[in-house]
Amino acid sequence: MLVKKMEQSAAQRGIEIEIAAVPMDEFSSAIVKYDACLLGPQVKYKLADFQTEAAKLNKSVAAIEPMVYGMMNGEKVLDQAVALLETA
């Protein structure tokens, strides 16, 4: 549901972006395909490990704030994704 809300927000802004939700155990293959990764709060404990792995590919990883995630605020999560891409 959050991915769909992010896609809707991106479409309204005219942003072309590919967004996917993947299981945690597929991180290694997904980070190769994507420019950045946002983690749901429930897997934030993997943040440091995933950041280390992504850094080897010059890619960024961050965790979504629990309140934003809980409210399924696609606009704010999209803002976070775009900011992550701009700093990569």
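Predicted model: local features only at pLDDT ≥ 70, side-chain atom pairs only at ≥ 80, totals over all residues.
Start with the overall layout. The chain holds five helices and two strands. Along the sequence they come in the order α-α-β-α-β-α-α.

Next, the dimensions. The C-alpha trace spans about 35 × 25 × 20 Å along its principal axes. The radius of gyration is 12 Å, and a compact globule of 88 residues would come out near 12 Å, so the chain agrees with that expectation.

Then, burial and surface. Of the 88 residues, 32% count as buried. The accessible surface is about 5,800 Å², and carbon and sulfur atoms account for 53% of that area. Contacts also tell of the fold. Take those between residues at least 6 apart in sequence: 61% of them join residues at least 24 apart.

Now zoom in on α1. This helix runs over residues 2-13, 12 residues in total. From first C-alpha to last, α1 reaches 17 Å, close to the 16 Å expected at 1.5 Å a residue.

Which residues of α1 are buried? They are Leu2, Met6, Ser9 and Ala10. Viewed down the axis of α1, these buried residues fall within an arc of 100°, so they line one face of the helix. An α-helix has 3.6 residues a turn, so residues three or four places apart point the same way.

What does the buried side of α1 meet? Its buried residues pack against α4 (66-70) and α5 (74-87). The face turned away from that side carries exposed residues: Lys4, Ala11 and Gln12.

Finally, the end of the helix. Gly14 follows α1, and its phi is positive, near 75°.

How values were computed. Residues numbered from 1 in each chain as written. Heavy atoms only, no water. Helix = DSSP H or I, 4+ residues; strand = E, 2+ residues; numbered from the N terminus. Expected span 1.5 Å × (residues − 1). Buried < 20%, exposed > 50% of the residue type's maximum accessible area, 1.4 Å probe, protein only. Arc of directions from axis to C-beta. Contact = heavy atoms within 4.5 Å. Rg over C-alpha atoms; globule rule 2.2 N^0.38 Å. Areas by Shrake-Rupley, 256 points an atom, 1.4 Å probe, with all protein chains shown as cover.
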